[in-house]
Structure formats: structure tokens, C-alpha cells
Amino acid sequence: MLQFSGLTLPLSSSGEDALAAALKKARLRPAQLAGWGVTRLSVDARHGRPKLVWGIGVTLAPGLREEDFSAPGVQVKREMPLTITPGPKRASGRPVVCGLGPAGLFAALLLARHGAKPLVLERGPSIERRAAAVDAFFAGGPLDENANIQFGEGGAGTFSDGKLTTRIGDPLCDYVRRTLLEHGAPEEIVWQAKPHIGTDRLREVILSLRREIERLGGAVRFDTRLIGLIRREGRLAGVETDAGPIETDTLVLAIGHSARDTFEMLRSAGLTLEAKPFSVGFRAEHLQSEIDRALYHEAAGHPALPPGEYQLSAHPGGRGVYTFCMCPGGRVVAAASEAGGVCTNGMSYHARDGANANAAVVAEVKPEEFGGDPMRAVAFQRELERAAFALREDYTAPAQDLESFLAGRPGLRLGRVAPTYPRGVAAADLGALFPEKLTAARRQGLRAFGRKLPGYCAPDTLLTGPETRTSSPVRIPRGADCQSAQLPGLYPCGEGAGYAGGIVSAAVDGLRAARSILETVRYE
Ligand SMILES: Cc1cc2nc3c(=O)[nH]c(=O)nc-3n(C[C@H](O)[C@H](O)[C@H](O)COP(=O)(O)OP(=O)(O)OC[C@H]3O[C@@H](n4cnc5c(N)ncnc54)[C@H](O)[C@@H]3O)c2cc1C
């Protein structure tokens with residue numbers, strides 16, 4: 001693909017105008033293209049009347065070479081293939097994959113595509129039953145601890161914005177993107193610099209991916225939880241599940257960051273768990289139209305512009321405070337997976353057409369604050385969730401307007417921003433819920449964000465929390481071959497093992513684990 005950036009055109013310009021400008025730059029004719037799309041669109045409001053700044057991507061007709069059309073401001077982007085050198089010896093049985101989030105899904109898919117017929121264990125239900133359980137919980141029903149926003153087919157990102165942005169820069173990202181397209185992701189993700197799928201489209205893609213695994217001889221056992229590891233002669237010999245034992249010498253462990261009981265089990269099985277930094281905070285909701293105004297100025301409301309997105313960070317007193325997982329036109333979700341705990345997160349539909357924008361505002365917590373003990377960090381997350389639940393003994397989320405939070409007084413004066421958290425919100429002192437050092441850092445961080453993005457600190461900005469599951473506080477050590485040195489045959493991967501943060505990076509890590517297995521043994 002050839003990528004053209006910084007094509008500055010009047011507000012009245014269209015994507016076709018931007019394409020024409022790109023073609024002119026590289027001396028290309030429309031007939032020489034195989035396809036094209038908008039990679040990004042922003043507004044330059046620095047000098048007088050705002051202008052649109054377009055990015056355009058084009059693919060060339062067969063027989064043409066990208067390097068023959070190089071020009072200033074044009075980048076060549078090549079898709080990297082995934083190559084595997086099959087392992088020297090034959091596998092002795094089928095591999096087991098635990099967890100059907102992005103890491104487990106992509107590990108199982110790659111294994112299945114190479115004849116391994118993986119057996120996948122997922123503690124939660126299939127996507128249809130999971131969606132019904134989530135809907136029932138949002139509507140006021142009880143929390144199902146195995147079927148919720150964290151657990152069930154598709155993993156944690158299923159009810160999400162489906163953002164596919166990642167900074168890992170791994171060539172395997174191309175394989176992930178290509179596979180998502182093959183399974184029905186919207187075509188624009190080929191082009192976009194910040195692609196997103198939306199929870200509605202993502203669910204269909206996940207279902208289609210699972211069907212390919214099954215078609216290739218893989219099997220998925222839903223409602224089946226990993227509860228133990230079987231060790232023989234110093235290596236993995238099988239797994240214990242709540243439906244009985246399974247013999248295997250290969251386990252891809254892709255359990256996500258919320259499998260706290262499984263972390264406990266791993267520790268009791270003698271595995272070392274390391275502490276890693278993580279973050280906690282709350283969601284901030286604004287009117288999307290206000291965010292658009294802050295980012296696009298007079299151009300706000302222009303039909304070509306996507307709902308505005310922001311990413312803000314500050315470092316008050318050496319502690320990172322940042323916005324996370326922004327969901328334009330989205331809603332705040334009830335993301336608990338343990339009964340008696342409240343926890344928020346965010347999601348959007350593909351159209352991103354809700355009235356509110358939301359993003360987490362989180363402060364970093366370092367391992368040394370818990371004496372390097374990851375299970376103390378997990379206990380801290382749980383305490384925050386329980387303290388929030390205890391305020392009303394239900395799943396209502398504590399909320400506060402930003403003005404009250406900054407002033408350090410409890411209060412919730414609702415203004416233009418209507419809460420979207422499905423179980424309802426109640427006035428609380430969000431600051432008092434957290435240790436003072438984290439609250440103070442977030443206050444300073446929010447003030448800094450207000451200086452960077454006009455209107456961010458509008459008094460009726462709505463804060464809802466706590467947000468405790470931004471990332472895993474745990475890392476499960478592994479070698480360069482993705483295998484545990486303490487238990488050969490075990491491949492910890494994805495976000496729960498501490499090697500990913502987000503849908504694409506988790507999927508890539510699942511691919512890494514599967515590739516390592518396929519380069520050790522052959523299944524075909
Ligand atoms: C609401 C929400 C919105 C998000 N939005 C985005 C976004 O827009 N973009 C983005 O990049 N990231 C987003 N994320 C983060 C992203 O979802 C995660 O980074 C990603 O899902 C991690 O993938 P994973 O496969 O490592 O783990 P997970 O997705 O957590 O999957 C782990 C799976 O393992 C299963 N499991 C756990 N323990 C066991 C056990 N003992 N036995 C059997 N099965 C088990 C779980 O049920 C789960 O299905 C969001 C997360 C949430 C919660």
C-alpha cells in the first residue's frame with residue numbers, strides 16, 4: 001500500500017478530492033489503482049479558516065511496484081506474511097488452549113490452520129448466551145460470574161469499542177487484521193490508521209473465527225473452567241477442569257486479566273507470578289459534540305469527520321495519569337466479574353453514534369507499592385470494587401461531577417451529560433474511594449487535561465467508577481519460546497500473562513505462542 005499523509009484541503013473537500021491530490025503527487029492514474037481508502041482525517045485550525053487534513057491509502061493494480069511511485073510525504077507499507085518452520089518431531093496429542101479471548105482465539109486458529117485440532121476450554125458460554133447474560137445483568141438481574149463483560153466467548157473485548165489500535169509494531173498485526181477482514185470485519189479497517197470494529201460487528205467476527213476453528217477439527221468446550229495443572233516428570237502432562245481431567249503436554253494459557261481464581265490456582269501449583277504496573281481510576285463522560293468542538297473547532301459537525309477521539313496524559317509527581325480506552329459515541333458498561341463488586345469500562349457500536357464520549361482516567365500503580373506481590377495488587381483491585389458495591393449494596397456505580405471531584409467534596413450535579421452506566425449511578429465521593437495519593441494525582445492529571453483539551457474540565461463532566469481492570473497486575477514468566485521454564489509445555493500468553501494490552505496485541509501474542517508450538521512439533 002502507498003500511504004499519503006498531510007493532504008491539506010478546504011473544508012468543502014471530499015475523499016475523492018483528497019485521492020486526486022494524492023494521485024497527482026505520485027503521478028498515478030486512477031486506472032493504475034486496485035483500491036483506495038481514507039487512512040485519517042483531522043482538522044487544521046491554526047491559520048484562519050479551518051482546513052481538512054486527509055490521509056489516503058492506495059493499493060496498486062497487479063504488475064505495478066510501489067517503489068516506482070515514491071514522492072515526498074508518501075510511505076510504502078507492505079503486509080508481512082506469517083511464516084512457520086514446522087517442528088522436527090511429531091506431536092503426541094492435541095494441544096489445549098485455555099480462554100477464548102483474542103489471545104486464545106488466534107492461538108487456536110493458527111494451531112487449527114496447521115492441523116493441530118486444538119481443544120479450547122472457555123469458562124464462559126458461547127457468544128449468544130453470553131450476550132443474553134450481559135443484557136440480563138444490565139437490566140438489573142444478578143451477575144453471572146462466568147458470563148459477563150470479562151468472561152465468555154470472545155473474551156474481555158467483546159463488549160468494547162473494538163479499537164484495533166496498538167503500538168507494538170509487530171509484523172503479526174497484519175495477520176490479525178487480514179484474518180479479521182476474512183471473517184467479516186468492516187472493509188475500512190484495511191485503510192484506517194485508527195481502525196475500530198464496534199461491539200456489534202465484533203461479535204459476528206468472533207463467531208465466524210470460532211466456526212473456522214471447529215471446521216478445521218478444533219473443538220470448543222464452553223462452561224468449562226481450568227482448575228488445575230497435572231505435572232509429570234517435570235513437565236505438563238494434563239489439565240484439571242471442573243468437568244474432569246484432560247491429558248495434554250501442551251497448554252496455551254490465555255486467561256485474561258480478570259481470572260483471579262486461576263491466578264491463585266497457578267500460584268498454588270508452584271508457578272512464580274510476578275507483579276507488573278497496572279492502573280486504576282474511573283470513566284469520564286462528556287458530550288461527544290463538546291469533544292468534537294474542542295478537536296475540530298468550526299469544522300465540528302462536518303459530515304466527513306468521524307466522532308472526535310482524544311488521548312491525554314500527564315505525569316504529576318512522577319506518577320503516570322492518562323486517559324485510556326476512549327469510546328467515541330459510546331457508553332459506560334458494568335464490567336464486574338465477581339459478585340459484590342462494581343467495576344466500569346466502556347464500549348461503542350460500529351456507528352459510534354451515542355450522545356456521549358467516554359474514556360477511563362487512570363493513575364498508574366507500581367509493583368513496589370504492593371511489595372512486589374501481584375496477589376496483593378489483585379486484592380487491592382477487589383477491595384476497590386467491593387467498597388463501591390458496599391456504598392449501596394448493589395451494582396449502582398458511584399459517580400461524581402468533575403467540579404465536585406476537583407473541589408474534594410462529594411456530590412453529583414447532573415448537567416448536560418446523562419449517565420450511560422446501565423445499572424444506574426449514585427452520588428458519591430469518588431476521591432475517598434481510592435488512596436489519597438492516587439486521588440491527588442488524578443486531580444492534577446485532570447487539570448492538566450483541561451489545559452490541553454478545551455472543555456475537558458467542564459463542571460458537568462461525569463465521573464463514574466471504579467475502573468480497576470485496565471490491565472493485568474500479574475506477569476507469568478516465560479522464555480523466548482513463550483514457554484514456562486518452570487513447567488515446560490505451558491505457554492502463558494495474552495493480557496492475563498502480562499504480555500499484551502488490547503485486542504490486537506493479545507491476538508498477536510496468541511499467534512506467537514501458537515507459532516512457537518508449531519515450530520517445536522508438527523501436527524500434519
Ligand atoms: C469493556 C472492555 C472494552 C475494551 N475495549 C477495547 C478496545 O476497544 N480495544 C482494545 O484493543 N482493547 C479493549 N479492551 C481490552 C481487551 O479486551 C483485552 O486487552 C483483550 O481482550 C485481552 O485478550 P486476552 O485474550 O489476553 O484475554 P481476555 O480477552 O480477557 O480472554 C480471556 C478468556 O479466558 C477465559 N478464562 C479465564 N479463566 C479461565 C479458566 N480458568 N478456564 C477457562 N477459561 C478461562 C475468560 O472467560 C476469557 O474469555 C477492552 C476490555 C473491556 C473489558
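Biologist: Which residues line the largest cavity?
Modeller: This is a predicted model, and in it the largest cavity is lined by Pro102, Leu105, Phe106, Gly154, Gly157 and Thr158, along with Leu164, Leu180, Leu202, Ile206, Leu209 and Ile503.

Biologist: And which helices supply at least two residues of that lining?
Modeller: Helix H2 and helix H5 (199–215) each do.

Biologist: How do the lining residues of the largest cavity divide by class?
Modeller: There are 9 nonpolar and 3 polar residues in that lining, and no charged ones.

Biologist: How much space lies in there?
Modeller: About 90 Å³ for the largest cavity.

Biologist: OK, and how many cavities of 30 Å³ or more does the structure hold?
Modeller: It holds 2 of them. The second largest cavity has about 40 Å³ of space.

Biologist: Let's switch to the ligand. How many residues surround it, and which are the closest?
Modeller: The ligand is surrounded by 39 residues, and the closest are Glu122, Ala156, Gly157, Glu495 and Ile503. Gly157 and Ile503 also belong to the lining of the largest cavity.

Biologist: Where do the polar atoms of the protein come in? For instance, how far is a ligand oxygen from the Glu495 side chain?
Modeller: An oxygen atom of the ligand sits 2.2 Å from an N or O atom in the side chain of Glu495. There are backbone pairs too: a ligand oxygen is 2.9 Å from a polar backbone atom of Lys163, and a ligand oxygen is 3.4 Å from a polar backbone atom of Ala254.

Biologist: How much of the ligand's accessible area does the protein cover?
Modeller: On its own the ligand has 990 Å² of accessible area, and the protein covers 97% of that.

Biologist: Why does the ligand lie between domain 2 and domain 3?
Modeller: Because domain 2 (89–272 + 479–522) and domain 3 (275–467) both give residues to the shell around the ligand.

Biologist: Which elements supply at least two residues each to that shell?
Modeller: Helix H2 (102–113), strand S18 (344–347) and helix H12 (503–518) each do. The shell as a whole divides into 17 nonpolar, 16 polar and 6 charged residues.

Biologist: New topic, pockets. What volume does the second largest pocket have?
Modeller: About 650 Å³. Its lining has 23 residues, with Arg40, Leu41, Tyr296, Pro306 and Glu309 nearest its centre.

Biologist: Which element gives the most to that pocket's lining?
Modeller: S2 does, with 5 residues. Strand S2 (33–44) and helix H7 (288–296) each supply at least two. The pocket's lining counts 12 nonpolar, 6 polar and 5 charged residues.

Biologist: Last one, the backbone. Where is there a cis peptide bond?
Modeller: Between Gly465 and Pro466, with omega at about -5 degrees. Pro466 lies in strand S22 (residues 462–467).

Biologist: And which residue has a positive phi although it is not a glycine?
Modeller: That's Glu233, with a phi of about 50 degrees. Glu233 is in the loop between strand S9 (226–232) and strand S10 (235–241).

Terms used
Residues numbered from 1 in each chain as written. Predicted model: local features only at pLDDT ≥ 70, side-chain atom pairs only at ≥ 80, totals over all residues. Heavy atoms only, no water. Near = heavy atom within 4 Å. Polar contact = N/O pair within 3.5 Å; in protein donor to acceptor, adjacent residues only side chain to side chain. Areas by Shrake-Rupley, 256 points an atom, 1.4 Å probe, with all protein chains shown as cover. Helix = DSSP H or I, 4+ residues; strand = E, 2+ residues; numbered from the N terminus. Nonpolar A, V, L, I, M, F, W, Y, C, P; charged D, E, K, R; others polar. Domains from an automatic or database assignment. 1 Å grid on protein atoms, 1.4 Å probe; cavity = no way out; pocket = protein on both sides within 12 Å on 5 of 7 lines; lining within 4 Å. Points joined across faces, edges and corners; volume = space filled by probe spheres on them.
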